[in-house]
Amino acid sequence: MNHDQDPPTTELDAERPRTFRSRMAGLARFGFAGFCLLSTFAFLTSGMSTPQPEREDSREESASDFPDAASVSFSRAENGKERLAVQQTIGRLWEEQIDAASLQTAPPADWLTVCRRLSLALVGTGMSLEEIRDLESHPEDERIERHREALLIDPRFHDYWGERFTRFYVGADEGPFLVYRRRRFRTWLSDQFAAQVPYDVLVRRLITAKGLWTDRPEVNFYTVTFDSGNGQPDPIRMAARTCRAFLGIRIDCLQCHDDFLGNVSMGNPEWMGGDGDFREGTQEDFHSLAAFFTAAKNEGLQGLRNRKPKYLYQYLDATQEQEVAPNVPFQRELLEPAGKPIDSEETKSGQDQGADAATLISITIEGDGNEVTDEMEAAGASEQEPEPEKEPVKEHYVDQRARLARWITHPENVQFSRAFVTRVWTLMFGSPPTGAVDDLPLNEDPNPILLTLSHAFIESGYDVRNLIRMITDTPAFRIDSQSPEGEGAFEITARHEQAMAVFPIVRLRAEQVAGAAIQASRVKTLDRETSILLQFQQYQEGQDFLRRYGDLGEDEFSNDTATITQRLVMLNGKLTSEVSKWNPILNTSSHVGMFAADNTKLVESLYLANLNRYPSQSESKHFVKRIEEGNSRRNSIVDIVWVLLNSSEFAWNH
């Protein structure tokens with residue numbers, strides 16, 4: 001046998017190279033698919049929207065967002081003068097309102113009560129013991145204003161109000177998967193409040209939002225409706241949400257039929273400078289408003305783009321669908337003419353971005369006010385050699401969403417300002433001044449105080465912080481919630497609260513109860529300067545409490561009575577136990593118990609930390625006696641904190 005000869009080739013040996021090649025090909029295909037998947041994920045998470053060219057009006061808005069120091073100082077001085085004039089006017093109107101109702105008024109509230117109201121309204125918690133002791137080092141007549149100004153620049157204010165308006169604009173639910181990022185939208189709103197963006201600019205940015213929802217968070221104002229719009233913004237939901245959020249009007253019932261009961265009246269009210277003529281709302285009012293939002297088209301990974309609107313709807317009793325033109329339900333004279341061309345800054349899919357400028361030169365571009373005539377176009381064309389074929393050109397059409405945004409934020413559209421003033425008033429007081437916060441009919445005259453604030457808000461350039469200052473300067477915010485003791489005592493009724501003769505007593509919302517309890521357990525203020533571990537603990541405790549206690553979501557201003565579950569959560573819940581227990585490292589009760597000079601000071605500190613007020617003489621005497629007669633000083637302190645947390649006073653704003 002010749003051993004030098006190669007062994008015979010078997011079928012198994014012949015298949016080996018083929019198997020290796022097929023495995024490598026499969027691996028390559030798998031790698032390519034993985035690369036595509038990771039690239040798509042990176043695209044969606046980081047955002048790759050092309051930068052949008054700015055129009056002249058948007059550049060003006062950007063410049064106004066970042067004024068120089070001199071203009072800021074001048075603006076503050078002017079706002080201070082305007083606030084003083086508004087304060088005097090509101091004071092007179094308030095007195096006239098009380099006199100007309102023949103009611104007695106409560107005395108002014110003490111500074112601690114007013115400061116607690118400010119903290120609950122602006123940051124969602126009570127005051128810390130650190131804040132109270134710091135304010136006590138200043139003259140008493142300066143404490144309220146100092147505390148208010150400190151809160152208005154506090155990041156907690158930006159975050160808290162960002163969450164409150166997120167609920168109002170897009171709801172409390174998580175929305176459609178992947179295409180909706182609620183957290184990014186909330187963070188964006190927080191940044192807008194931090195940058196002191198005027199409210200009219202903020203609303204225009206929401207309505208005209210374009211791009212991908214990941215790197216342009218304002219687009220989530222639209223993507224939250226994708227689940228009911230088959231991957232596109234739902235014009236029905238957008239119209240209803242826009243009316244409620246920005247105009248304080250409910251026109252949802254007009255979606256299906258005309259108004260025959262007088263529930264929705266349209267017209268030009270006299271209080272807005274109109275003729276006072278009203279008409280019943282129609283289906284056309286609702287669906288012509290919805291037609292504006294068909295201009296927003298989702299184009300996949302390119303995000304939201306402007307396109308020519310087309311809205312078809314079959315009205316009640318009609319035989320077929322018809323195209324509905326965009327229009328507004330009232331004050332139509334404030335809406336810009338539809339024939340005014342606006343550069344949409346968008347192109348059709350596949351069109352050349354660098355289209356021939358000679359074909360566009362006859363378009364009037366909004367912003368610079370210059371109109372290029374046909375003669376100029378002809379002159380420009382004569383200097384160029386004729387082309388056999390023209391390239392596809394950039395399409396120009398009216399930006400309907402921009403028209404709607406400018407109509408909503410028009411200075412003469414007082415309903416826009418009225419709706420926001422009512423919303424801010426509700427946040428500051430805990431309850432709406434009259435009726436629902438988002439149901440302000442045009443045919444009902446506003447409260448004179450709110451109407452005065454609405455005009456002042458417009459004149460201030462839609463300055464949110466200035467509006468808060470004006471509201472908190474009103475006597476209605478500084479007044480007590482109970483009648484005086486002694487001879488001047490009177491019975492408080494619902495009429496007193498309606499006439500603003502007393503501060504309304506309102507149950508704290510779930511997040512306020514959690515925030516106040518967690519802050520009461522810490523001597524120092526819990527803010528962004530706090531240790532990251534404590535911030536994480538605060539977040540976890542707050543979320544766990546909200547799940548157990550119950551969160552009303554968008555209906556957070558409904559003043560219902562406490563449920564049995566809520567009372568049990570406060571009596572036996574984890575948060576109450578963690579806050580009141582003896583913890584020498586973290587809890588206020590332990591720190592006060594170890595370092596208070598005597599038991600009287602101990603009780604005083606516990607009252608300040610939990611209820612943000614000093615104990616009365618009888619309360620102090622009672623609890624000092626309990627501590628001295630108790631079997632364990634430590635257990636007595638824990639019991640006192642538990643009692644204060646479960647008191648009615650802790651769970652109510654007053």
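This is a predicted model: local features need pLDDT of at least 70, side-chain atom pairs count only at pLDDT 80 or more; totals for chains, interfaces and linings use all residues.

Me: How much space lies in the largest pocket?

Reply: The largest pocket holds about 1,500 Å³ of space. Its lining has 39 residues, and those closest to the centre of the pocket are Asp 159, Glu 163, Arg 186, Tyr 539 and Gln 543.

Me: Which elements each supply at least two residues of that lining?

Reply: They are α7 (155-170), α8, α20 (510-520) and α21 (532-549). The largest share comes from α21, which gives nine residues to the lining of the largest pocket.

Me: On to the cavities. How many of 30 Å³ or more does the structure hold?

Reply: There are seven cavities of 30 Å³ or more. The largest cavity has a volume of about 60 Å³. It is lined by 13 residues, of which Gly 430, Leu 508, Arg 509, Gln 512 and Asn 653 are the closest to its centre.

Me: What elements give two or more residues to that lining?

Reply: Two or more residues of the lining of the largest cavity come from each of α4 (111-122), α15 (414-429) and β7 (506-507). By class, the lining of the largest cavity has seven nonpolar, three polar and three charged residues.

Me: What about the second largest cavity, and which residues line it?

Reply: The second largest cavity has a volume of about 50 Å³. Its lining is made up of Phe 157, Gln 192, Phe 193, Gln 196, Val 197, Tyr 199, Leu 202, Val 464 and Arg 465. The elements that give two or more residues to this lining are α8 (182-194), α9 (199-207) and α17 (464-472). Six residues of the lining of the second largest cavity are nonpolar, two are polar and one is charged.

Me: Now the surface. Which residues form a nonpolar patch there?

Reply: Met 24, Leu 27 and Phe 30 form a nonpolar patch on the surface, and together they have about 360 Å² of accessible area.

Me: Where is Met 24 placed?

Reply: Met 24 lies in helix α1, which covers residues 11-46.

Me: And why does Met 24 count as partly exposed?

Reply: Met 24 counts as partly exposed because its relative accessibility is 43%, and the partly exposed class lies between under 20% for buried and over 50% for exposed.

Technical notes. Residues are numbered from 1 along each chain as its sequence is written. Side-chain values use heavy atoms; hydrogens and water are left out. On a 1 Å grid over the protein atoms alone, a cavity is a set of points where a 1.4 Å probe fits but cannot get out, and a pocket is an open set with protein on both sides within 12 Å along at least five of seven lines; lining residues have an atom within 4 Å of a point. Grid points are joined across faces, edges and corners, and a volume is the space filled by probe spheres set on the points. Helices (H or I, at least four residues) and strands (E, at least two) are DSSP runs, numbered from the N terminus. Ala, Val, Leu, Ile, Met, Phe, Trp, Tyr, Cys and Pro count as nonpolar, Asp, Glu, Lys and Arg as charged, and the others, Gly among them, as polar. Patches are made of residues with over 30% relative accessible area and no salt bridge: like charges are joined within 9 Å, nonpolar side chains (Val, Leu, Ile, Met, Phe, Trp, Tyr) within 5 Å. Accessible areas come from the Shrake-Rupley method with a 1.4 Å probe; for residues, only the protein chains shown count as cover. A salt bridge is a side-chain nitrogen of Lys or Arg within 4 Å of a carboxyl oxygen of Asp or Glu. Buried means under 20% relative accessible area, exposed over 50%, partly exposed in between (1.4 Å probe, protein chains only).
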